[in-house]
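The following note was prepared for a colleague who wished to go through the model point by point. Please read it alongside the sequence and the coordinates.

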Amino acid sequence: MGLRLRVDGDVVRGEVTFDRRQQGAPGIAHGGAVTTVLDDAVASLLVVLETPAVTANIHVDFRAPTLLHHPMTVEARATGRDGRKLHLTARLLDERATVVAEAQALFLAVDLEHFAKGGEALPEAWSGWGANAPG
Ligand SMILES: CCCCCCCCCCCC(=O)SCCNC(=O)CCNC(=O)[C@H](O)C(C)(C)COP(=O)(O)OP(=O)(O)OC[C@H]1O[C@@H](n2cnc3c(N)ncnc32)[C@H](O)[C@@H]1OP(=O)(O)O
């Protein structure tokens, strides 16, 4: 869906424009696609936190229709940490800066071995991470 994310200090920001491939109701993005963007945005905070973690749960409030073909911005930030529990939040905004969806996510810090379950080699960049996990 062409989501582009970047780290900006302790915030993750990005842009996305949904198209017919993510359509739910006519002309409107499917909530699952919107949730994917929000989940990806909060997951990118793991780079800032230097903590391997996975989504335990994510709650999404859909505040307004997310229109196809309209550029949207997403921003994510960490709101707290309690041991292994990372509390993360993200918002999706339209061109008028109206919040169309927002998420509160709970991530749980894991050892890097967690990802070995997938059977794929892990990115080299991850090798230095994990000093903060599981916390
Ligand atoms: C280097 C960079 C890498 C970078 C890594 C990049 C990763 C990108 C990830 C992208 C985001 C994803 O899509 S991740 C993919 C989707 N998510 C997953 O696949 C996760 C699947 N679930 C799991 O593997 C597991 O359930 C875990 C790891 C989340 C938790 O299992 P666990 O480690 O055994 O923990 P557990 O003992 O059950 O729980 C610990 C504490 O958390 C609480 N807890 C556990 N689950 C939940 C929950 N859903 N909702 C509320 N609370 C929960 C428990 O009550 C407990 O609280 P207390 O009693 O201590 O108070």
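How many residues does α1 have, and what distance does α1 reach from its first C-alpha to its last?

1. Helix length. Helix α1 has 19 residues and spans 27 Å between its first and last C-alpha atoms. This is close to the 27 Å expected at 1.5 Å a residue. The helix covers residues 31–49, and just after α1, Glu50 adopts a positive phi of about 50°.

2. Confidence. The model is a predicted one. Its pLDDT averages 94 over the protein, and 96% of the residues score at least 70. For the complex, the predictor reports an ipTM of 0.94 and a pTM of 0.94. As a caution for the remaining residues, where pLDDT is low, the predicted coordinates should not be read in detail.

3. The sheet. Six strands form an open sheet in the order β1-β2-β4-β5-β6-β3, with antiparallel pairing. Strands β1 and β3 (53–62) lie at the edges, each pairing on one side only. From one strand to the next, the twist averages 20°.

4. Helix against sheet. Helix α1 packs on the sheet and touches β1, β2, β3, β4, β5 and β6 (99–109). The direction of α1 makes about 130° with that of β5.

5. The buried side of the helix. Which residues of α1 are buried? They are Ala33, Val34, Val37, Leu38, Ala41, Val42, Leu45 and Leu46.

6. Strand β1 (residues 4–8) and strand β2 (residues 11–16) are antiparallel and share 5 bridges. Within this pair, Arg4 is opposite Glu15 of β2, and Arg6 is opposite Arg13 of β2. The hairpin has 2 residues between the strands, and Gly9 takes a positive phi near 70° there.

7. From β2 across to β5. Strands β2 and β4 run antiparallel and are joined by 6 bridges. Strand β4 (residues 72–82) is in turn joined to β5 (residues 85–93) by 9 bridges, again in the antiparallel sense.

Conventions: Residues are numbered from 1 along each chain as its sequence is written. This is a predicted model: local features need pLDDT of at least 70, side-chain atom pairs count only at pLDDT 80 or more; totals for chains, interfaces and linings use all residues. Side-chain values use heavy atoms; hydrogens and water are left out. Two strands pair if DSSP finds at least two bridges between them. Helices (H or I, at least four residues) and strands (E, at least two) are DSSP runs, numbered from the N terminus. pLDDT is the predictor's confidence in each residue, from 0 to 100. Axes are lines fitted to C-alpha atoms, for helices over the stretch in contact, and angles run from 0 to 180 degrees between N-to-C directions. Contact means heavy atoms within 4.5 Å. The expected span of a helix is 1.5 Å times one less than its number of residues. Buried means under 20% relative accessible area, exposed over 50%, partly exposed in between (1.4 Å probe, protein chains only).
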